Amino acid sequence: MDYAAYFFIQVVYAIASLALISVGLAVIYGMMRVINFAHGEFLMLGGYAVILPVQAGFNLWISMLIIAPLSVGLFGIVVERLIIRPLYGRVIDTVLATWGLSLLLIGLTSATLGYYQEGSKPPLGSLAIGAYRESGYTFFVIGITFAVMTALYLGLKRTRFGLLARGTMQNPAMAAGLGVNTGRIYAATFGLGAALSGLAGAVLAPISGVVPVIGATYIAKAFITVISGGATALAGTMSAAVVLGTVNQAVTFMTTPVVGEVALLVAAIILLRLLPSGITGRLFRGSV
Amino acid sequence: MAINRRHALAATAATIAAGVFPRSGFGQANTIKIGTIVDTSGPLQPFGVQKLQCLQLAVEEINIAGGLLGRQLELVTYDGQSSDQSYAQFAQQIALRDRVAVVHAGLQSSSREVIRPILRRANTLYFYNTPYEGGVCDRNTFCTGTTPGQLLANLLPYMINKFGKRIYVLAADYNFGQLSERWTRKIAQENGAEVIASDFFPLDVNQFGPTIGKIQAAKPSFIINTFVGPGHAAFYGQWAGAGMKKEIPIASQTFGEAGEQLRMPPELSEGIFVCYNYFEEIDRPANVAFLERFRKKFGNNYGYVSDLGMSEYVGIQIWAEAVKKANSVDREAVIKAIESGVAFNGPGGMIVSDPRTHHFVFDMHLAEMKNRRFEILQSFERVQPTNPSGVCDLIANPTTNQQFEPKL
């Protein structure tokens, strides 16, 4: 019984962390159709944006929840202006450009920060689930993912910015004709995606540590989640995270982490064979 | 990319000054070239930098003492970039273009198995200076790191006596981790204990939630890990974060070899058991003097010299002893010299060659982590590099070329 509870918590945690690392990419790819190959490095920058301030004496929670998303979001706006904007509509070119950005960021952080990572213990202590012990931080990750998803849903559905952003993504020419500054909306949406990636990287940093190549651990999973989810950023990411996270973690429990990863990939292939345009191509249509 | 341009320029300048002007190569006539490939960038950087520093210090000390056979040593350095592909390319260059007298290279067992055949084919003498899973039996190769017969064979009986007979293994998912796990099972069996479960992790795995759950369900007497690199280091934080630190003790085949104990809060590392042939904490005049020279060259913030770095220092010194004995840098002469018995009194203790296996006899020390320092609990003198089933004998069968694995 205790083990079942522990298992359940780990599955929910896997779903939450998968959704968290994917949501920034989902906003950028799902809404803007820009394939951001530097997504993993945005997560990595988020990690450093919490670890470096903490080492400099800042409060952990302020660094994680404010400094990291803000700084990576601003970085995203700069990237949009300098690299992405001239390439809208040219998918292959954005892949190349963001891949180059990814290599550049890995190179720069390798050369300046190196691989001497500081070990740390996740905050919030531990608690007992029957005979089992689980880190309190696991529940924090689950909670923050829920909060981020809810805020994003309300933001897109209920605010003026959300309306303009959705309108611009659906039909940029019409939106511009109605007086929307689409350039600013694109920049803000890209910045939002980057900020969400920064937050995700920051939230995971106390558990997994940060090294310059850590993006590679996340990027494949994030892409698979977003693509399996389909066209709708939020509902797609959440539904794909539920399916893939459950498969991944359940198989990891039964076998090993390697087989768990394989199972995730197999599940994604089957999913895309049955639902070629992703889960939200068939289900939850018309949601955000 | 060779990163030895500065040395090369200095060597060129020296040759010109000497009035010789060879078009081919830099001062080949004067210096003895030693080739090295270690990972000074990428995830293995904390290991590679330490290894390179130890190589540089050994070469510098020999040069200050007058060099070998009246010639100065020159280190030709390549950065393996934490990638086995780079090793393949640089091993070819070192053997065929640089034409070095000896190669001291490799960190991961996977990179060793990439370059060992290349160097054997090119008749270039090879030293692998890293504690590893043991069993390499190749006349062209000498291994100056410890083997499981030296490390696990002393660490595991201690853990079994102290904590119990149920062992949980966590290991890196490549030949080092896989073969170490088989050694653990074999040694456990010999000591009446049992490996109840083994989990293997690719180097980029950094989430251990399910594993920590499985360990709690299995209730082992202790854990033995063979973790490699920064991804796996995240385990210690997650283990402590789940409140397991005081519940189940941990022994490690690798902890501290990247100096990671200095970069994590003591509460994460407290009470981890290890067994190596060298620690900075070894209280010996030769070691104090070594660390003083090391600090003088690399500053006070160099991190930590572990058995991993020390193996490189020892590798160069053993090779130098053999060259002196053979009075030649010729491959065949040096191999014969080591096979006839070579010893080096290193900072950590006396090191003696084992002619049959091309491995070495060390003093081993068992230690426990106490407030970021290794406290040595017990020492074992003159530990032989037992090879699996005692099958490797390069004196009787010089053509052997394989890696023997433990029989279960």
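Author: This is a predicted model. A first step is to count the residues that meet: 34 residues of chain A are in contact with 36 residues of chain B.

Reader: How much area do chain A and chain B bury between them?

Author: The size of an interface is often given as the accessible area lost when the parts come together. Here chain A and chain B bury about 2,800 Å², with 57% of it on carbon and sulfur atoms. Within chain A, the residues that lose the most area to chain B are Tyr115(A), Tyr116(A) and Lys121(A), which together account for 23% of what that side buries.

Reader: How many salt bridges are counted between chain A and chain B, and how many residue pairs are in polar contact?

Author: The count of salt bridges is zero, whereas the rule finds twelve residue pairs in polar contact, both residues at pLDDT 80 or more. Elements of chain A that give two or more residues to this side include helix 1 (2–32), strand 2 (132–135) and helix 8 (182–208). By class, the side of chain A that touches chain B has 17 nonpolar, 13 polar and four charged residues.

Reader: Which domains does the assignment give for chain B?

Author: The assignment gives domain 1 (30–146 + 281–364 + 383–403) and domain 2 (148–276). Their C-alpha centres lie 27 Å apart. The area buried between domain 1 of chain B and domain 2 of chain B is about 2,000 Å², of which carbon and sulfur atoms give 62%. In domain 1 of chain B, Phe47(B), Glu133(B) and Met364(B) lose the most area to domain 2 of chain B.

How values were computed: Residues numbered from 1 in each chain as written. Chains lettered and ligands numbered in written order. Predicted model: local features only at pLDDT ≥ 70, side-chain atom pairs only at ≥ 80, totals over all residues. Heavy atoms only, no water. Contact = heavy atoms within 4.5 Å. Buried area = accessible area lost by both parts, 1.4 Å probe. Salt bridge = Lys/Arg side-chain N within 4 Å of Asp/Glu carboxyl O. Polar contact = N/O pair within 3.5 Å; in protein donor to acceptor, adjacent residues only side chain to side chain. Helix = DSSP H or I, 4+ residues; strand = E, 2+ residues; numbered from the N terminus. Nonpolar A, V, L, I, M, F, W, Y, C, P; charged D, E, K, R; others polar. Domains from an automatic or database assignment.
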